[in-house]
Amino acid sequence: MLTVRTSPHDHDSISTDKAMLYVVMALLPSALWGCVMFGLRAVLVLLVSIASSLLTEWLLGKINKENTLFDYSALVTGLLIGMNMPPAIPLLIPVLASVFAIFIVKWTFGGLGCNWANPAIAGRVFVFFSFSSLMSKFSTPWVLKSSAELISSATPLSALKMEITSGLSSEAILSSSGIPTSGVAQTLSSSLGINPYVVDEFFGFASGCIGEVSALLLLVGGLFLIIKKVISWRIPFCYILSYALLQWVFGGVRGGNGLCSGEVLLPILSGGLMLGAFFMATDWVTTPTTPKGEIIFAIGCGLFTFIIRCFGSLAEGVSLAILLMNMVSPTIDRFCKAKKFGYVKPPKKEKGAKA
């Protein structure tokens with residue numbers, strides 16, 4: 001018997017549960033690294049986020065008489081929410097984010113395949129605007145702790161946003177802000193002349209949310225998903241490239257440094273850009289289904305991320321940018337849909353010809 005389910009439909013042997021397990025495998029290295037850097041509190045936040053998502057999914061499945069727990073989509077949602085949380089966040093907040101993501105964003109609109117936005121992103125945005133101060137307090141990794149202070153007042157990304165000064169490099173600005181660097185970064189900086197903050201963000205020795213601190217591990221996980229053909233290369237590549245180009249051309253304007261003078265590498269590696277580009281902007285359900293649509297979607301994500309980060313009041317803009325583009329994804333698909341097989345465009349009528 002042929003079973004027809006909701007879109008998107010992909011001509012591939014991979015199943016939903018197998019694809020979701022691949023995503024979990026790709027996310028695990030970065031999540032585990034966050035636990036190593038931030039300790040048992042990070043482990044607890046991740047476990048609470050995952051448990052809340054799975055429990056909400058199970059309860060709603062019981063009510064609707066559907067067994068959806070083992071497609072592992074709720075597991076991915078809970079893991080992503082936990083990875084998007086600061087390590088010292090009160091445990092009630094990831095619970096609220098997970099329940100909102102599964103119940104309001106996913107099940108209210110019909111379950112998997114019917115949601116209009118990425119549930120993890122919507123859950124994060126919900127708690128971010130509800131608990132902005134708590135969502136903006138980040139723990140310092142143990143490798144950077146030189147005192148008993150547990151909470152860092154700013155990440156490198158937020159420090160750059162708050163303290164842009166004309167003519168100063170990002171390294172000088174962050175150094176004056178009191179943000180420490182690791183011994184690895186200091187060694188590479190002195191021997192190779194690399195910005196130490198870029199090194200820390202790349203390897204994962206920086207303040208931030210649990211799962212976003214290591215750009216290297218997120219890149220490895222993203223490449224794994226591309227190789228397994230779980231995600232398309234177009235969205236993360238065009239997202240990062242478009243943001244990098246805008247950041248280079250216009251990023252220095254806000255600091256009075258003129259065009260084509262913006263810092264590129266540090267903003268790419270900082271914050272949630274790598275996590276968002278590879279793991280949240282590539283959601284099957286909420287992104288366009290055509291190659292041209294994927295490119296337009298990704299460029300829009302890059303544009304909104306740059307506008308929010310550079311000229312908005314928030315230091316981070318990845319989640320909002322993806323959420324905004326999720327809203328217009330059906331419209332993009334409408335204008336980028338493939339031509340029907342055998343379709344021939346009718347000839348244009350000549351002027352003056354009778355109908």
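This report walks through the salt bridges in a predicted model. Side chains of opposite charge can pair when their charged atoms come close. With a cut-off of 4 Å between a Lys or Arg side-chain nitrogen and an Asp or Glu carboxyl oxygen, the count here comes to 3 salt bridges.

| Salt bridge | Distance, N to O |
|---|---|
| Lys106 and Glu57 | 3.1 Å |
| Glu294 and Arg234 | 3.2 Å |
| Arg309 and Glu316 | 3.0 Å |

Let's start with Lys106 and Glu57, whose side chains meet at 3.1 Å. Lys106 sits in helix H4 (residues 92-107) and Glu57 in helix H2 (residues 40-64), so this pair ties together parts that are 49 residues apart in sequence. As for solvent, both Lys106 and Glu57 are buried.

Next up is the bridge between Glu294 and Arg234, at 3.2 Å. Glu294 belongs to helix H15 (residues 291-311), while Arg234 is in helix H12 (residues 234-250), so the parts being tied together are 60 residues apart in sequence. How exposed are the two partners? Glu294 is buried, with a relative accessible area of 11%. Arg234, on the other hand, is partly exposed, with a relative accessible area of 24%.

Arg309 is buried, with a relative accessible area of 6%.

Key
Residues are numbered from 1 along each chain as its sequence is written. This is a predicted model: local features need pLDDT of at least 70, side-chain atom pairs count only at pLDDT 80 or more; totals for chains, interfaces and linings use all residues. Side-chain values use heavy atoms; hydrogens and water are left out. Helices (H or I, at least four residues) and strands (E, at least two) are DSSP runs, numbered from the N terminus. Buried means under 20% relative accessible area, exposed over 50%, partly exposed in between (1.4 Å probe, protein chains only).
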